[in-house]
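Work through the exercises below with the sequence and the structure at hand. Each task is followed by a solution in steps.

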Amino acid sequence: LGDLGVGVGQLANLERLRVVCFGLYRIGDAGACSFGLNLQRLSRLMDIDLNFYRTGLGDQGLNGIGRGLAGLGNLVALHLDCRYCSAIGDASFTQDFGRGLGKQGLLQRLRLDFGGCTNVSDEGLRGLSCGLEALGQLESLRLDFGDCPHIGGGGLRCVARALSGRLAGESCAHREVSLAGSGCGQGDGAAMQ
């Protein structure tokens with residue numbers, strides 16, 4: 001993945017990027033950090049689709065991607081699939097990934113799939129919520145944290161509060177919001193109110 005990042009970093013005019021690393025367990029944090037470092041060189045990038053489903057990606061690598069996102073100013077669509085990456089926990093959401101996401105002022109479509117990341121808890125959703133609050137142009141949001149047993153009502157309520165100011169009224173920019181969370185922990189009531 002690091003070598004791919006170096007190659008992609010050479011494509012200054014790239015507007016759309018799709019990377020599929022489906023099930024490649026050798027993909028890990030070092031490669032993702034290198035990829036993120038080179039990602040920020042793509043100033044014209046508008047659409048990113050990254051699939052790390054069932055890879056060795058962890059918090060350090062996701063933070064590296066977040067640092068890369070922070071350097072992009074034209075991003076309007078982001079899809080990140082990290083389902084069943086068991087090394088991902090709360091740290092990336094409360095650190096560079098969450099902050100990098102929050103710097104995407106033009107972002108209109110966001111889909112984050114973290115189902116089966118069993119080390120993510122309410123604390124991670126609280127960190128993610130800080131990034132979501134800053135996304136004023138968001139039109140479509142899909143968050144999947146299904147099969148994350150440490151996520152309960154507290155984390156889901158943080159996400160709802162982060163979006164609530166922009167979800168009310170006819171001037172709402174959000175046209176679609178989907179929070180998938182079947183199998184989330186029930187510790188403090190996982191239902192959103």
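**Exercise 1. Find the bridge partner of Asp81 in E4, then follow the strand pairing.**

Solution. The structure is a predicted model.
- Step 1: Asp81 has Asp113 as its bridge partner in E4.
- Step 2: Strand E3 (residues 77–81) and strand E4 (residues 109–113) pair in the parallel sense, over five bridges.
- Step 3: E4 also runs parallel to strand E5 (residues 140–144), and five bridges join these two. Within this pairing, Arg111 stands opposite Arg142 of E5.
- Step 4: Between E4 and E5 the chain passes through helix H6 (residues 122–133), in a β-α-β crossover that is right-handed.

**Exercise 2. Asp81 forms a salt bridge with Arg83; state whether each residue is buried or exposed, or falls in between.**

Solution. 
- Step 1: The two side chains meet at 2.7 Å, N to O.
- Step 2: Buried requires a relative accessible area under 20%. Asp81 has 4%, so Asp81 is buried.
- Step 3: Arg83 has 27% relative accessibility and therefore counts as partly exposed.

**Exercise 3. Locate the salt bridge of Asp47 with Arg16 and explain what the pair ties together.**

Solution. 
- Step 1: The closest N and O atoms of Asp47 and Arg16 are 4.0 Å apart.
- Step 2: Asp47, at 23% relative accessibility, is partly exposed, whereas Arg16, at 59%, is exposed.

**Exercise 4. Identify the network of salt bridges that includes Arg67.**

Solution. 
- Step 1: Asp96 and Arg67 form a salt bridge through their side chains, at 2.6 Å from N to O.
- Step 2: Because Asp96 lies in helix H5 (residues 96–102) and Arg67 in helix H3 (residues 59–70), this pair ties together parts that are 29 residues apart in sequence.
- Step 3: Arg67 is partly exposed, with a relative accessible area of 40%.
- Step 4: The network links Arg67, Asp96 and Arg99. The count of salt bridges comes to eight.

**Exercise 5. Where in the protein is confidence lowest, and where is it highest?**

Solution. 
- Step 1: The mean pLDDT of the protein is 85, and 82% of the residues reach 70 or more.
- Step 2: Confidence is lowest in helix H1 (residues 2–9), with a mean of 54, and highest in E3, with 98.
- Step 3: Residues 168–172 have pLDDT below 50, and this stretch has two contacts in the model beyond near neighbours in sequence.
- Step 4: Over residues 187–193 pLDDT stays under 50, and the model has 16 contacts for them beyond four places in sequence.

How values were computed. Residues are numbered from 1 along each chain as its sequence is written. This is a predicted model: local features need pLDDT of at least 70, side-chain atom pairs count only at pLDDT 80 or more; totals for chains, interfaces and linings use all residues. Side-chain values use heavy atoms; hydrogens and water are left out. pLDDT is the predictor's confidence in each residue, from 0 to 100. Helices (H or I, at least four residues) and strands (E, at least two) are DSSP runs, numbered from the N terminus. Contact means heavy atoms within 4.5 Å. Two strands pair if DSSP finds at least two bridges between them. A crossover is right-handed if, with the strands pointing away from the viewer, the path from the first strand over the helix to the second runs clockwise. Buried means under 20% relative accessible area, exposed over 50%, partly exposed in between (1.4 Å probe, protein chains only).
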